Amino acid sequence: MGGMLALQWVASFPDRRGMCDSIAATLKHSPQQIAFNEVGRQAVMADPAWNDGNYYGGALPEKGLAVARMVGHLPT
């Protein structure tokens, strides 16, 4: 979904489109792919070490990231 976000930035900020070279973005995602992505995000945010994404000097949300990676490897 990062490639789609980059394409949205190009659409939102056309004066900066020369700064983006998307080589692996898809046209659309299925509802199942969107759901898996949300489950992964929720797994990271549910980790006690998430700390709103502020990791400087603290622990990383390793367990949440591990669960998100497992979900990301499920066949679609």
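Helices here are DSSP runs of H or I with at least four residues, numbered from the N terminus (strands would be E runs of at least two). With that in hand, asparagine 51 sits in the loop between H2 and H3. What you're looking at is a predicted model, where local features need pLDDT of at least 70, side-chain atom pairs count only at pLDDT 80 or more, and totals for chains, interfaces and linings use all residues. Residues are numbered from 1 along each chain as its sequence is written, and side-chain values use heavy atoms, with hydrogens and water left out.

**Helix H2 and helix H3**

- The axes of H2 and helix H3 (residues 62–72) come within 7 Å and cross at roughly 170°; axes are lines fitted to C-alpha atoms, for helices over the stretch in contact, with angles from 0 to 180 degrees between N-to-C directions.
- That makes H2 roughly antiparallel to H3 (angles over 145 degrees count as roughly antiparallel, under 35 as roughly parallel, 65 to 115 as roughly perpendicular and the rest as oblique).
- The H2 and H3 crossing is right-handed, meaning the near helix is turned clockwise from the far one by less than a right angle.

**The loop between H2 and H3**

- Aspartate 47 belongs to this loop and is buried, at 9% relative accessible area (buried is under 20%, exposed over 50%, partly exposed in between, with a 1.4 Å probe and protein chains only).
- Aspartate 47 and leucine 65 are 18 residues apart in sequence, and their C-alpha atoms are 8.3 Å apart in space.
- Most residues other than glycine have a negative phi.
- Asparagine 51, however, has a positive phi, near 55°.
- Aspartate 52, also in the loop between H2 and H3, isn't a glycine either, yet its phi is positive at about 55°.
- Aspartate 52 is exposed, with 60% relative accessible area.

**The salt bridge**

- There's one salt bridge by the rule used here: a side-chain nitrogen of Lys or Arg within 4 Å of a carboxyl oxygen of Asp or Glu.
- Arginine 41 pairs up with glutamate 38, and their closest N and O atoms are 2.2 Å apart.
- Arginine 41 and glutamate 38 are three residues apart in helix H2 (residues 31–46), so about one helical turn separates them.
- Arginine 41 is partly exposed at 42%, and glutamate 38 is partly exposed at 30%.

**Phenylalanine 13**

- Phenylalanine 13 lies in the loop between helix H1 (2–12) and H2.
- With a relative accessible area of 47%, phenylalanine 13 is partly exposed.
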